[in-house]
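User: I would like to learn how to read a few features of a model. Can we take them one at a time?

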Amino acid sequence: MVGMWRMGPWAVPWMMLWLFCLLPSARAQTKIPLETVKSWADAFGGELYSIVTKYSGSLLLQKKYKDVEPTLKIKEVDGLELVKKFSEQMESMLRRKVEAVERLVEAAEDADLNHEYNSSLEFDYYNSFLINEKDENDNYVELGDEFILEPNEHFNNLLVNTTYSDIQLPTNVYNKDPDILNGVYMSEALNPIFVDNFERDPTLTWQYFGSSTGFFRLYPGIKWLPDENGVISFDCRNRGWYIQAATSPKDIVIVVDVSGSMKGLRMTIAKHTIVTILDTLGENDFVNIIAYNDYVHFIEPCFKGILVQADRDNREHFKQLVDELQAKGVGTVNKALTESFKILREDLYPFVLAAGLLKAASRLLAFPETPSSQQYFRDAGQGGLCNQAIMLITDGAVEDYEAVFEKYNWPDRKVRVFTYLIGREVTFAPNVKWIACNNKGYYTQISTLADVQENVMEYLHVLSRPMVINHDHDIIWTEAYMDSALPQSEELFASQAQSLLLMTTVAMPVFSKKNETRSHGILLGVVGSDVPLRELLKLAPRYKLGVHGYAFLNTNNGYILSHPDLRPLYKEGKKLKPKPNYNSVDLSEVEWEDQDEILRTAMINGETGYLSMDVKVPVDKGKRVLFLTNDYFFTDISGTPFSLGVVLSRGHGEYILLGNTSVEEGLHDLLQPDLSLANEWIYCITDIDPDHRKLSQLEAVIRFLTGEEPDLECDEELVQEVLFDAVVTAPMEAYWTTLALNMSMETEVGVEMAFLGTRAGLMRSALYVGSEKISNRKFLTQKDKESIFTMDHFPLWYRRAAEHPPGSFIYSIVSEDDSEGGGLPKVVTVSTAVAVSVDGKMGIAAEQRHTSSSSGTQHKYKKGNFWVEELEQEKVAGRSAPDRAISLLSAALFTTPVEISTPSVMLNAESTVSVDSL
């Protein structure tokens, strides 16, 4: 690369070079000795090094850490102890959520016990769709009284009422139905419990009660809006948390009649019935679908004779196949029922497909090696725990099918048979009803598409009866799912923090305890509470994991709850939407180096352990790759189906630099105007007390240290690190200020900014020009997440410098697609590591006890006909040694304009330089 540094004495050599290159431009090619080119490169590199060193202040920072070496200590992080500590904290946090739900269950069951059903009950309640609505006379409509709503930051700034809950009902449920009125009246007893739970644990979010009659009581109360068609389609009974809590895991075989008599509307209704049944299943359930007419066939031949996990992938695949079914031939139900019983009776559970169609083969082999999975799917030989059922969808049955039940299901009747008679014809109704009633099932007739939803849901009440009668208050945790109040922003789409938008739900069933109904097994509903995964990951603070470290969560099914590489969103136009299968991403799909699935299997089994892997980590939107050795530490979260993993990069990721300073000295330097803290990190808890929510993290730390806010709860270890970093880096402000005052606009045009950052998330910055002249105004702001400390990653310039030897400068050129307005690159970011040794008297000790800081420069280019090439490449050889203890502490950025000559100089294979006129 040949160019002229505009203005300044250091530009003279490049001016001479530019003139030299310009002279022969008329000739096609001129050979220049390789030694000459090398001397140019050496001179250019030396000059560039002196410039970036000067304006970064890296040598001064090096000296300041050298001065405090006697007080420094390196603490080695014990990964197993760390992951256990995080797990215990998460268990404690999740236990508080469970206790809140248990209090709601107790209150709901007691309220029902003391309530007498009144068929003529008249009762006004807050209907979430009608609240604050007025008629033409400016009077509040029925069930729509005034309901005060205020924005609340804790609830995504939605308008809510934190003193009262309200009631949501689907459009197809009559809001004055006696069953609804009695249920709503009874559940009024939950209001004080909602409020008390929130006061006890301010980290709680949504709490709710979903009734078996169809109403949904939600706290805090909100205004519920219909969809674009003016319909409220949300039915709590269809939600995964409700279905999982109401029933145990299920093995379901759906048998559908595709004989000629099912043509037309009957086949449409049958298909819709199958789809609705599939929607009631979750990843703890197993399913297959058999179609029959003259012969029996599995609609997916690859799944013949087995049950597959009802995860989202398999459900969607089944729906596509169901849509292709055609009616023809004559129905023979006996063979289909026989095949269904064989599937449910055989011990084929080691052959379930656990993670979608693409992983079928690997899962077939993986499950037999998973003891806990064996226990989960075949508890004492009971298959999918306690519920097995056949769903028969037909327009009639005329055969002698009694012999099939005698052979496979009687007298124990372990498999329930549910029958759905399709169409208005009642000729075969007695036969179809007999099948259900003699196999502990449920019979229903579906005549229209509108009947499907309510009739399908009845089977859940039947399957829940054993739990209700035994009063098994099982606690369930759902898979990850997306908050419906999804923020919309370009920054979110580009960020690695997408998975932090996900949440899980803890839920428990509510039963009737009345003596006269106890034996009937009446399910009143399900209570639940949402747990944002962001709140869980706050318990694994960023600063304890190091520059490349991270924490992740997964379920005992192997699916990811939260992971930095989980990207659940996609763009459709200007809107962000969840990907179809975002919550069924397997751990092996993001930690793909785990080819033998050692990590996956251990975490599914809830084991505690350690694993090391060489990994390739993409950075800078996939433009570069870092080669790392990562140590994986994992353990289960007791009382939940979740496991926690913590990843530490070998070397600097497993060491923490500890310094000591007084509060007074640190506080003085913390107040300097050039200093800021990572606002997404939790130095102090500010989201609980409403009086603290408007405080930045820096303001909170200062108030904590000065005693202005004694109620603030802060991370004292992190605050101590911040104080130490503030003291050591304080001289940088005066250094940069002096440079800025002495900088002549005639000789040093283009140097715009200097900054540094520490492992504690502290940053300092200084401008060499007016803010209006900054080339990249997004840099170091929330609009450029890659350049700042966030909850899920360190800045890009910090991460790159971490993997190169201290003192070497790493150049990053902003590519065309990242430049504002397109065109040529505007800036080049240059980062370096500044190393300080600790206990360096012995060679080995010194090699193991190094700390470093990163600094950088950024060069600004004027527009011209010039293509820029990367000055260095990411290579394994550039990484710091695995056993080197590095704590990255600072960085600096500059922009320097370069005026480029029109000729371009390129080194070719013959070690000559060709000069072409452009």
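User: Which residue stands opposite L569 in β22?

Analyst: P578 in β22 stands opposite L569. This is a predicted model, where local features need pLDDT of at least 70, side-chain atom pairs count only at pLDDT 80 or more, and totals for chains, interfaces and linings use all residues. Residues are numbered from 1 along each chain as its sequence is written, and side-chain values use heavy atoms, with hydrogens and water left out.

User: How do β21 and β22 pair?

Analyst: Two strands pair if DSSP finds at least two bridges between them. Strands are DSSP runs of E, at least two residues; helices are runs of H or I, at least four; both are numbered from the N terminus. Here β21 (residues 569-572) and β22 (residues 575-578) pair in the antiparallel sense, over four bridges. They form a hairpin with two residues between them. In the turn, G573 has a positive phi of about 70°.

User: Why does the span of helix α23 agree with what it should be?

Analyst: The expected span is 1.5 Å times one less than the number of residues. Helix α23 (residues 716-729) has 14 residues, so it should span 20 Å; its end C-alpha atoms are 20 Å apart, which agrees.

User: Is V719 buried or exposed?

Analyst: Buried means under 20% relative accessible area, exposed over 50%, partly exposed in between (1.4 Å probe, protein chains only). V719 is at 4% relative accessibility, so V719 counts as buried. V719 sits in helix α23. Eleven of the 14 residues of α23 are buried.

User: What does V719 contact, leaving aside neighbours within four places in sequence?

Analyst: Contact means heavy atoms within 4.5 Å. V719 is in contact with Y683, V701, L705 and C714.
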